[in-house]
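This briefing goes through one protein chain, moving from its overall layout to a few of its elements and then to a single residue. Please keep the sequence and the model at hand while reading.

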Amino acid sequence: KDLHEFYEKAYRQDHKEVFTKYVNGVDTSETNKHLKGLWDWSGKRVLDLGCGLGVTAAQLAKLGAHVHGIDFSKTAIREASKQDQPNLTFSVGSLDDIKNSYDVIISLGTIEHMEDPLNAMKVFSEHINQDGHLVLTCPNLTNVKGLVLLTLYFLHDLRITLSDLHFISPTDMKSWCEESGPNFERWFSFD
């Protein structure tokens, strides 16, 4: 519930002041650039879970994918739905509301907020078509900044972020993939 309230407030106010990918109001994330080049998106059925304002979903729809975006923020979905593309739909919901199967499921910056990331991976694997793809992003704390933040967290019980429930390492992701079913095809880090 607190996470819902956090995101509703963020989207009602200036989300660019809340989310760390914005520096001086400019989106500094490289995620969408990387997504464009992963494969040919034409005709792919894509789910964007945690789609926020639908920026990524709209980009993939412009590349020819049939995209459905889900977010639990009613405010974000109301804004996302203003984008008028025939192959782009949005709905308010969460992990439990995934109904169909997809060629690609993307969930950017969400798994660290989920109560049970392994269960999320299992749900994703149930809804990915054979030879489909799962694209996840999350903060990678296996760097100098991460080591400092984790040290502060463990020594002084200081909150590192406003809403992260988990500090996820590449090892965590690999073990969840192995336990949940998706083949762990490749790993790369950006952002």
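Read along the sequence, the elements of this predicted model follow the order α-β-β-α-β-α-β-α-β-β-α-β-α-α, which amounts to 7 helices and 7 strands.

**The chain as a whole**

- Of the 191 residues in the chain, 40% are buried, and the chain exposes about 11,200 Å², of which carbon and sulfur atoms supply 50%.

**Strand E3 and its partners**

- Strand E3 (45-49) is largely enclosed by the rest of the structure, because 4 of its 5 residues are buried, that is, they fall under 20% relative accessible area.
- E3 runs parallel to E4, to which 5 bridges join it, and within this pairing Arg45 stands opposite His66 of E4.

**Helix H3**

- Helix H3, which spans residues 55-62, is mostly covered, with 6 of its 8 residues buried; these are Thr56, Ala57, Ala58, Gln59, Leu60 and Ala61.
- The cover over the buried residues of H3 includes helix H2 (31-36) and the strands E3, E4 (66-71), E5 and E6 (102-108).
- After H3 comes Gly64, a residue whose phi is positive, near 105 degrees.

**Gln85**

- Gln85 is placed in the loop that lies between helix H4 (74-80) and strand E5 (88-92).
- Is Gln85 buried or exposed? Its relative accessible area is 14%, and because this value is under the 20% cut-off, Gln85 counts as buried.
- When its neighbours within four places in sequence are left aside, Gln85 is in contact with Ala58, Ala61 and Lys62, of which Ala58 and Ala61 are among the buried residues of H3.
- Gln85 and His66 are separated by 19 residues in sequence, and their C-alpha atoms lie 9.8 Å apart in space; His66 is also the residue of E4 that Arg45 stands opposite.

Methods:
Residues are numbered from 1 along each chain as its sequence is written. This is a predicted model: local features need pLDDT of at least 70, side-chain atom pairs count only at pLDDT 80 or more; totals for chains, interfaces and linings use all residues. Side-chain values use heavy atoms; hydrogens and water are left out. Helices (H or I, at least four residues) and strands (E, at least two) are DSSP runs, numbered from the N terminus. Buried means under 20% relative accessible area, exposed over 50%, partly exposed in between (1.4 Å probe, protein chains only). Contact means heavy atoms within 4.5 Å. Accessible areas come from the Shrake-Rupley method with a 1.4 Å probe; for residues, only the protein chains shown count as cover. Two strands pair if DSSP finds at least two bridges between them.
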